[in-house]
Amino acid sequence: MKRYLTLGYGAAAYLLFLAAFLYLIGFLGNFAVPRSVDHGPAAPLATAVLINAALLAAFGVQHSVMARPAFKRWWVRVVPSPIERSTYVLLSSAVLALLYWQWRTMPTVIWDVRLPVVRAVLWALFWLGWAIALLSTFLINHFDLFGLRQVYLASRQEPYTSVEFRVRLLYRVVRHPLMLGMVIAFWAAPVMTAGHLLFSTGMTIYVLVATQLEERDLVATLGPQYRDYRREVSMLLPIPRRQPTGVARQG
């Protein structure tokens, strides 16, 4: 029964992540969801900035702190190791849901692209960004990244082994294509309001901080392998360098 509960917990956490991810697309694109970045509760500007900044900070802190190896070593004393990743995914989805619920609109228009061709390009980039982000998860191990592999192995009473990935496809262009895809999606907006600008700026700051923290952890884990990879491939901007030859692992 414990094994089935573990597997069910992981599956439920994954489904909540999937719902939160799909909602995020509608949230930023202002379609198909009841509340979006530009359609929701209103508030005086100063109040809206404070609330929205606090929501973004909560997301960044939760994501960054719980992803660190030191926290994980402590956390598995509280939750069983097989559901550690699923719990992280579950809490991440909960923080996103809180953001969607409490986000305050800031409707001042920063830019409004009217030229049809340019609007089409921006919408294409918006969808391309999400596609890059999603594809990137499968290039490492989508099911390990979101905790499903861990609970599946636990349900079969098999030991967990770390996942390796070879440097291929998008990872030959940038070291963090998932983050690059998200940043593209955040900023590819035909209409950019003050609220959308605050969201995109806050999330981009999070990406820059999170990638630095992750790089530090990967260097500590992989040593020369990752240092070589870092010299060969740029972090976020697709700047050509020497072709990578090493093997890296998800941190």
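The lining of the second largest pocket divides into six nonpolar residues, one polar and two charged. This is a predicted model. The pocket has a volume of about 180 Å³. Its lining consists of Lys2, Arg3, Leu5, Thr6, Tyr9, Pro80, Pro82, Ile83 and Ala154. Helix α1 gives the largest share of that lining, with five residues.

**A buried glutamine**

Pro82 belongs to the pocket lining and is also touched by Gln150. Gln150 sits in helix α7, which spans residues 148-155. Is Gln150 buried or exposed? Its relative accessibility is 10%, and buried means under 20%, so Gln150 counts as buried. Leaving out residues up to four places away in sequence, Gln150 touches Pro82, Arg85, Phe143, Asp144 and Tyr160.

**The nonpolar core**

The largest nonpolar core holds 54 residues. Leu24, Phe27, Leu28, Leu99, Trp103, Trp130 and Phe199 have the most contacts inside it.

What does Trp103 touch? Beyond residues up to four places away in sequence, its partners are Phe27, Ser36, Val37, Pro41, Asn52, Leu55, Leu56, Gly195 and Phe199. Two of these, Phe27 and Phe199, are listed with Trp103 among the residues with the most contacts inside the core.

**The chain as a whole**

How many helices and strands does the protein chain have? There are ten helices and four strands. From the N terminus, the order is α-α-α-α-β-α-α-α-β-α-β-α-α-β.

The C-alpha atoms fill a box of roughly 55 × 50 × 30 Å along the principal axes. The radius of gyration is 19 Å. A compact globule of 251 residues would come near 18 Å, so the chain agrees with that expectation.

Buried residues make up 47% of the 251 residues. Gln150 is one of the residues that count as buried. Among contacts with a separation of 6 or more, 76% join residues 24 or more positions apart.

Methods
Residues are numbered from 1 along each chain as its sequence is written. This is a predicted model: local features need pLDDT of at least 70, side-chain atom pairs count only at pLDDT 80 or more; totals for chains, interfaces and linings use all residues. Side-chain values use heavy atoms; hydrogens and water are left out. A nonpolar core is a set of buried Ala, Val, Leu, Ile, Met, Phe, Trp, Tyr and Cys residues joined through side-chain atoms within 4.5 Å. Buried means under 20% relative accessible area, exposed over 50%, partly exposed in between (1.4 Å probe, protein chains only). Contact means heavy atoms within 4.5 Å. On a 1 Å grid over the protein atoms alone, a cavity is a set of points where a 1.4 Å probe fits but cannot get out, and a pocket is an open set with protein on both sides within 12 Å along at least five of seven lines; lining residues have an atom within 4 Å of a point. Grid points are joined across faces, edges and corners, and a volume is the space filled by probe spheres set on the points. Helices (H or I, at least four residues) and strands (E, at least two) are DSSP runs, numbered from the N terminus. Ala, Val, Leu, Ile, Met, Phe, Trp, Tyr, Cys and Pro count as nonpolar, Asp, Glu, Lys and Arg as charged, and the others, Gly among them, as polar. The radius of gyration is taken over C-alpha atoms; the globule rule is 2.2 Å times the number of residues to the power 0.38.
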